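Let's take a walk through a protein model, one piece at a time. Keep the picture open while you read.

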Amino acid sequence: MIEPDRAARLPRPSPAARPGPLDDRFYDLAEANFERRIRRDPVLATSLGLHQDDDLFGDGGRDAVLGDLEAAQVHLADVEALDPTGLSAEARFERDLEV
């Protein structure tokens with residue numbers, strides 16, 4: 001596992017012209033999911049141009065893969081639980097992509 005201080009610092013999109021009350025919650029979920037994925041798979045991070053962990057490999061074992069699937073299911077449930085009417089148009093679009 002990669003230590004948190006090695007994690008990439010990601011920029012957040014600028015606030016929408018008409019932000020929704022759930023926009024920040026959605027972006028928190030999306031960022032946490034992305035950071036979890038690149039921590040678990042440094043090779044993916046490298047392929048995306050994030051080179052802070054080029055010297056690491058992820059755990060491709062069965063338990064790790066099953067853990068990744070479980071985390072993805074939890075993330076999907078959290079995103080789907082957000083009421084789209086509480087999101088800005090921009091965040092609704094991003095939510096659709098995330099789902």
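## A few ground rules

A crossing of two helices is left-handed if the near helix is turned anticlockwise from the far one by less than a right angle, and right-handed if clockwise. Helices (H or I, at least four residues) and strands (E, at least two) are DSSP runs, numbered from the N terminus.

This is a predicted model, where local features need pLDDT of at least 70, side-chain atom pairs count only at pLDDT 80 or more, and totals for chains, interfaces and linings use all residues. Residues are numbered from 1 along each chain as its sequence is written, and side-chain values use heavy atoms, leaving out hydrogens and water.

## The overall picture

The protein has 4 helices and 0 strands, so from the N terminus on you'll read α-α-α-α, going by the DSSP runs. Its C-alpha trace spans about 40 × 25 × 20 Å along the principal axes.

Of the 99 residues, 27% are buried (under 20% relative accessible area; exposed is over 50%, partly exposed in between, with a 1.4 Å probe and protein chains only). Now take contacts (heavy atoms within 4.5 Å) between residues at least 6 apart in sequence: 65% of them join residues at least 24 apart.

## Helix α1 meets α4

Helix α1 covers residues 23–40 and helix α4 residues 89–98, and they pack at about 35° with their axes 10 Å apart. Axes here are lines fitted to C-alpha atoms, for helices over the stretch in contact, and angles run from 0 to 180 degrees between N-to-C directions. The α1 and α4 crossing is left-handed.

On the α1 side you'll find Asp23, Phe26, Tyr27, Ala30 and Asn33, touching Glu90, Ala91, Glu94, Arg95 and Glu98 of α4. Sorted by class, the α1 and α4 contact has 4 nonpolar, 1 polar and 5 charged residues (nonpolar: Ala, Val, Leu, Ile, Met, Phe, Trp, Tyr, Cys and Pro; charged: Asp, Glu, Lys and Arg; polar: the others, Gly among them).

## Helix α1 meets α3

With helix α3 (residues 62–80), α1 packs at about 170°, axes 10 Å apart. That's why α1 and α3 count as roughly antiparallel (over 145 degrees; under 35 is roughly parallel, 65 to 115 roughly perpendicular, the rest oblique).

Among the α1 residues in this contact are Phe26, Leu29 and Arg36, while α3 brings residues including Ala64, Asp68 and His75. The α1 and α3 contact has 7 nonpolar, 2 polar and 4 charged residues.

## One aromatic pair

How many aromatic pairs does the whole structure hold? The search finds 1: Phe26 and Tyr27, edge-to-face at 5.2 Å centre to centre and 65° between the planes. Rings of Phe, Tyr and Trp (its six-membered ring) pair if their centres lie within 6.5 Å; planes under 30 degrees apart are stacked, over 60 edge-to-face, the rest tilted.

Phe26 counts as buried because its relative accessibility is 1%, and Tyr27 is buried too, at 12%.
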